[in-house]
Amino acid sequence: ALAVCNPPYGRDGAALVSAREGMRRARHECGLTPGDVAASAARLLQNGGRLCCVFPAARMIELSDAMRKYRMAPKRIRMVHSRVEKAAHLCLMEGMLDARPGLIIEPPLVIYDENNAYTPELRRIYGL
């Protein structure tokens, strides 16, 4: 089984929060922490089930720690860069419930090339 999540990126109290409830819930934790996501996935998944998340690169360790707390071994990580020369801004992380440790760090995913066009890989992913 597979659970996929794109949880809110903003930590409670770390940024200005939108007055509009929908925007606030989409962008800020509002009580939904990485631990809550991992705990829910651990309850729903069976042994060997996977959780895949998109999360800010700067908060990657929080997500990894949350997974490990709820019996998920981080298995694959792929950093997402807007451009090849820029630091990663997102992290794609896959964890597996009740799995042995062993982490694969995938090559980076770069979104834009030097001409501000999507890279060939991103064009392939989007089916362009």
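## A residue in a loop

R71 is found in the loop between α3 and β3, where helices (H or I, at least four residues) and strands (E, at least two) are DSSP runs numbered from the N terminus. Although R71 is not a glycine, this residue has a positive phi of about 65°. With a relative accessible area of 47%, R71 is partly exposed; buried means under 20% relative accessible area, exposed means over 50%, and partly exposed lies in between, using a 1.4 Å probe and protein chains only.

This is a predicted model, in which local features need pLDDT of at least 70 and side-chain atom pairs count only at pLDDT 80 or more, while totals for chains, interfaces and linings use all residues. Residues are numbered from 1 along each chain as its sequence is written, and side-chain values use heavy atoms, with hydrogens and water left out.

## The overall plan

The protein has four helices and six strands, and reading along the sequence gives the pattern β-α-α-β-α-β-β-β-β-α. Of the 128 residues in the protein, buried residues make up 34%. The accessible surface comes to about 8100 Å², and 55% of that surface belongs to carbon and sulfur atoms; accessible areas come from the Shrake-Rupley method with a 1.4 Å probe, and for residues only the protein chains shown count as cover.

A contact means heavy atoms within 4.5 Å. Among contacts between residues at least 6 apart in sequence, 62% join residues at least 24 apart.

## How the strands pair

Two strands pair if DSSP finds at least two bridges between them. Strand β1 (residues 2–5) pairs with β2 in the parallel sense over four bridges, and here V4 stands opposite C52 in β2. Strand β2 is also joined to β4, by seven bridges, and these two strands run antiparallel; in this pairing F55 stands opposite C91 in β4.

In a regular strand the side chains alternate between the two faces of the sheet.

## The nonpolar cores

In soluble globular proteins, nonpolar side chains tend to be buried together. A nonpolar core is here a set of buried Ala, Val, Leu, Ile, Met, Phe, Trp, Tyr and Cys residues joined through side-chain atoms within 4.5 Å. The largest such core has 17 residues, of which L45, L51, L63, M67, M72 and M93 touch the most other members. The elements that give two or more residues to this core are α2 (34–44), β2 (50–56), α3 (60–69), β3 (72–81) and β4 (90–97), and the largest share, four residues, comes from α2.

Leaving aside its neighbours within four places in sequence, L45 is in contact with A1, L2, A3, R50, L51 and L97.

## Helix α2 and its surroundings

The buried residues of α2 are P34, G35, V37, A38, A39, A41 and A42, and they pack against β1, β2, α3, β3 and β4. With α3, helix α2 packs at an angle of about 35°, and the two axes are 8 Å apart; axes are lines fitted to C-alpha atoms, for helices over the stretch in contact, and angles run from 0 to 180 degrees between N-to-C directions. In this packing, P34, G35 and A38 in α2 meet E62, L63, A66 and M67 in α3.

What is the accessibility of S40? S40, which lies in helix α2, has a relative accessibility of 29% and therefore counts as partly exposed. The C-alpha atoms of S40 and A3 are separated by 9.7 Å, while the two residues are 37 residues apart along the chain.

## Two further loop residues

G49 is found in the loop between α2 and β2, and G49 counts as buried because its relative accessibility is 3%. Leaving aside its neighbours within four places in sequence, G49 is in contact with A1, G95, M96 and L97.

N116 is found in the loop between β6 (109–110) and α4 (120–126). This residue is not a glycine, yet N116 has a positive phi of about 65°, and at 51% relative accessibility N116 counts as exposed.
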